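I opened the notebook to go through this structure part by part. My entries follow in the order I looked things up.

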Amino acid sequence: MITTASRVSLFTESVIREMTRLALEHNAVNLAQGFPDFPAPAELLAAASRALAEGHNQYAITWGSPRLREAIAEKVRWFNGIEADPERNVTVTCGATEAMIATLLATVNPGDEVIVFEPFYENYGPDAILCGARPVYVPMPLDGPLDLERLAAAFSDRTRAIIVNTPNNPTGRVLSREELQGIAALCVRHGAWAITDEIYEHIRYEGEHVGLAALPGMRERTVVVSGASKTFSITGWRVGWILAPPGATAAIRKVHDFLTVGAPAPLQDAVATALDELPRGYYEQMSDAYRARRDLLCGALTRAGFRLVPPQGAYYVLADYGALADEPDPAFAVRLVKEAGVATVPASSFFRAPDPARRVVRFAFCKTEDVLAAAAERIATFAAGRR
Ligand code: PLP
């Protein structure tokens, strides 16, 4: 019999997609998966239609259309403070998702270790495992600074890379300059790559967005992953990018070519238009709109009896339901879908091991204020019934 025994058996299926399925089954408000339910900027949609009509319908250059790579280089110049050469430093991918796995496959060998903060974005562990590497987990506190001593202890002579996601999903943390300087020093000391996931770089309520690549000595050892999904509310377009030193770029492009050939050509053109033409105020307005959504949901959750630390960035909040129920988070998440009509993600899916004492679920607030208000009402009714 042919078996499917492979590295895939070392990780489980995505709980987030399962919660979305449950949400549909129970007609629940879906605050589980992180995709916006409002449209992308009209300019972007018009640019995509134009690109289709004008015939950008065949493969673009594997590592990205020259126009988009140029636009990305310009954007990282003004926003991230990094000089980038579109020919030697920029690769366009099918979302940040492909960017991360392509980067890891290009930089990590079987047997290497990759440091991942916990709680983590679901993909990092499986990405490392698919490369034959071993993820090594270090706690990311929700409220309070990173324990740099603990992080230092996680580095070994097998550490090839550390994945750093700020603003962070699921904690909402925005890492401070001091924390990033601490991480940078460890990368330099151990000759490790920093792979940064900056997909939420424009969604921030507190603090500054500091990229590791912009810190002294880090440019040559940092691979920056980002993309258009969150910034322009186009998670279905699958356009992301990588900024890397020339040697790493060459290796990453090789992997990327064999993984996907390239990102959708007409959508690359439309994203270039967005980067070139949307005014800089767009990014602030978008972040302000998310702040209003954050305040609406966090206020409602707090009134209903959840305990939480308001996120500093990204569009998720981890909320403790200990005052409302005393059951493990997978059971509570199912109860919330069925009894309240609101889908969340049990926080256990962001940790390597279940903790019987964990009473936390994650809400996504990338939804219109109407939808969030409807969810708030359902949660208030549910909470009233539990007291
Ligand atoms: N990285 C993080 C931290 C995310 O939260 C997500 C999506 O939720 C992604 C990457 C995926 O980005 P993309 O749509 O560009 O693949």
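**Ground rules.** I am working on a predicted model, where local features need pLDDT of at least 70, side-chain atom pairs count only at pLDDT 80 or more, and totals for chains, interfaces and linings use all residues. I number residues from 1 along each chain as its sequence is written, and side-chain values use heavy atoms, with hydrogens and water left out.

**Domains.** I looked up the division first. Domain 1 covers 4–39 + 282–386, and domain 2 covers 56–277. The bounds come from an automatic or database domain assignment. I find 25 Å between the two domain centres, taken over C-alpha atoms. Domain 1 puts 34 residues into the contact and domain 2 puts in 35, with contact meaning heavy atoms within 4.5 Å.

**Interface.** How much area do domain 1 and domain 2 bury between them? I read about 3,200 Å², 59% of it on carbon and sulfur atoms. Buried area is the accessible area (1.4 Å probe) that two parts lose on being put together, summed over both.

I then counted 19 residue pairs in polar contact between domain 1 and domain 2, both residues at pLDDT 80 or more. On the domain 1 side, the elements giving two or more residues are helix H1 (15–25), helix H10 (281–304) and strand E10 (316–320). Helices (H or I, at least four residues) and strands (E, at least two) are DSSP runs, numbered from the N terminus. H10 gives the most to this side, with seven residues. By class, the domain 1 side has 23 nonpolar, six polar and five charged residues. Here Ala, Val, Leu, Ile, Met, Phe, Trp, Tyr, Cys and Pro count as nonpolar, Asp, Glu, Lys and Arg as charged, and the others, Gly among them, as polar.

**Salt bridges.** I use a side-chain nitrogen of Lys or Arg within 4 Å of a carboxyl oxygen of Asp or Glu. Between domain 1 and domain 2 I count one salt bridge. Glu118 and Arg352 meet in a salt bridge at 2.9 Å, N to O. The whole structure holds 18 salt bridges. Among them I noted Arg67 with Asp276, the closest N and O atoms being 3.6 Å apart. Arg67 lies in helix H3 (residues 66–78) and Asp276 in helix H9 (residues 265–277), so the pair ties together parts that are 209 residues apart in sequence.

**Ligand.** For Ser229 I read 2.7 Å, and for an N or O atom in the side chain of Asn169, 2.8 Å.

**Backbone.** Most residues other than glycine have a negative phi, and most peptide bonds are trans. I logged a cis peptide bond joining Glu118 and Pro119, with omega about 5 degrees. Pro119 lies in the loop between strand E3 (113–118) and helix H5 (124–130). I logged another cis peptide bond between Thr166 and Pro167, with omega about -10 degrees.

Note on methods. A polar contact is a pair of N or O atoms within 3.5 Å; within protein, one must be able to donate a hydrogen and the other to accept it, and residues adjacent in sequence count only if both atoms are side-chain atoms.
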